[in-house]
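Here's a quick briefing on one protein model. Have a look at it first, and then we'll go through the sheet, the helix and the cores.

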Amino acid sequence: MRTPGKLLRTAILLSVLLAAAAPTAATAQALGIAYCDADHLYDTIPSLFYDDTDYTPQGRLRWNTQRYRRKIARTAALVDSLGLPIVALWSVENEAVVRDIAAACEGSYVYLHRTLNSLDGMDFALLYYGDQFFPHYVEPGRRYLYVEGTLRRPVGRGRIRRFRTDTLGLVLCSEPRMLRWVVGDLRDERPGAKLVAMGRLPERGLEKYGLRDAHARAERAGRGNIRSRAGWRLRDRIAVDTALHTAAGEIYIRRFLLDDAAAAPLPTYDRRRYSGGTSYALPVYVYLE
């Protein structure tokens, strides 16, 4: 049983984290990019190509239509609460799942999905505003997805709107070791693209590839996007091209994403017990200046 002292410390911790992760007024209108782990967002239909038996109505986790719809609604609510023009998703099963998320969002998001042929069926997807980002090249691979497009963003102030365009290359990666050779190849093959790498990235050596860890400051301050017995840890991060100017990256934390009793992200399943949460990992984000 939690004592009053532990409950007070938990409340203080949550208040500090919520305050630290709240976007400032200066960045509220900037163009932001976020990365979210959807925590094994499967549909309820058995696959013919990999074993997803646990995530079926008859499976070990009793994954059914009601739970699926709840997860879709919570994921869409997260995307809408971010309010950013580019949101990368990891751990979605197929295009039908991504289409359901986009349809449930209040924001006018366009989606992009590619099948990665992974052993667990998990894929990457991208939700974005179609009037700000225009993909023109997509390359899926083992545990990564590369999306290159034209980014259109306003510059200056006044009645006459002016826009700047950049060729932006998004590298979505779920294994740190993959980034080194993927980015190395992209530097040779796509030299005109300014790269933004997201997901599970190497903690060191990013500067070799012309990247800067946008979440280094948050990590040094002790903030993270997953929580274990050892405390908060930054598992997912965003690294940006040194040619891009960005605000310091942060972790996105809101009360509806948390288990207040544990002061940790509320997962969909806690081992085999259904918790009904959004994800065991908090999103990370960065603003382009």
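Which residue in E6 is the bridge partner of Phe133? That would be Leu151. Bear in mind that this is a predicted model.

- Strands E5 and E6 (residues 144-155) run antiparallel, and eight bridges join them.
- They belong to an open sheet of six strands, ordered E5-E6-E7-E8-E12-E9, where the pairing is mixed.
- E5 (133-141) and E9 (211-213) are the edge strands; each has a single partner strand, so one side of each is left without a neighbour in the sheet.
- From one strand to the next, the twist averages 25°.

**The helix across it**
- Helix H4 (residues 176-189) lies across E6, E7 (162-173), E8 (194-199), E9 and E12 (237-241).
- Relative to E7, H4 runs at about 140°.

- In soluble globular proteins, nonpolar side chains tend to be buried together.
- Here, the largest nonpolar core counts 69 residues, and Ile33 and Leu170 have the most contacts inside it.
- Strand E1 (residues 31-41) is the top contributor to this core, giving seven residues.
- Setting aside neighbours within four places in sequence, Ile33 touches a whole list of residues, including Leu84, Ile86, Leu168, Leu170, Val196, Met198 and Ile238.
- Also in contact with Ile33 are Val284, Tyr285, Val286 and Leu288.
- Another core, of 16 residues, lies apart from the largest one; among its members are Val182, Ala193, Leu206 and Leu211.

Technical notes: Residues numbered from 1 in each chain as written. Predicted model: local features only at pLDDT ≥ 70, side-chain atom pairs only at ≥ 80, totals over all residues. Heavy atoms only, no water. Pairing = 2+ DSSP bridges. Helix = DSSP H or I, 4+ residues; strand = E, 2+ residues; numbered from the N terminus. Axes fitted to C-alpha atoms, helices over the stretch in contact; angles between N-to-C directions. Contact = heavy atoms within 4.5 Å. Core = buried A, V, L, I, M, F, W, Y, C linked by side-chain atoms within 4.5 Å. Buried < 20%, exposed > 50% of the residue type's maximum accessible area, 1.4 Å probe, protein only.
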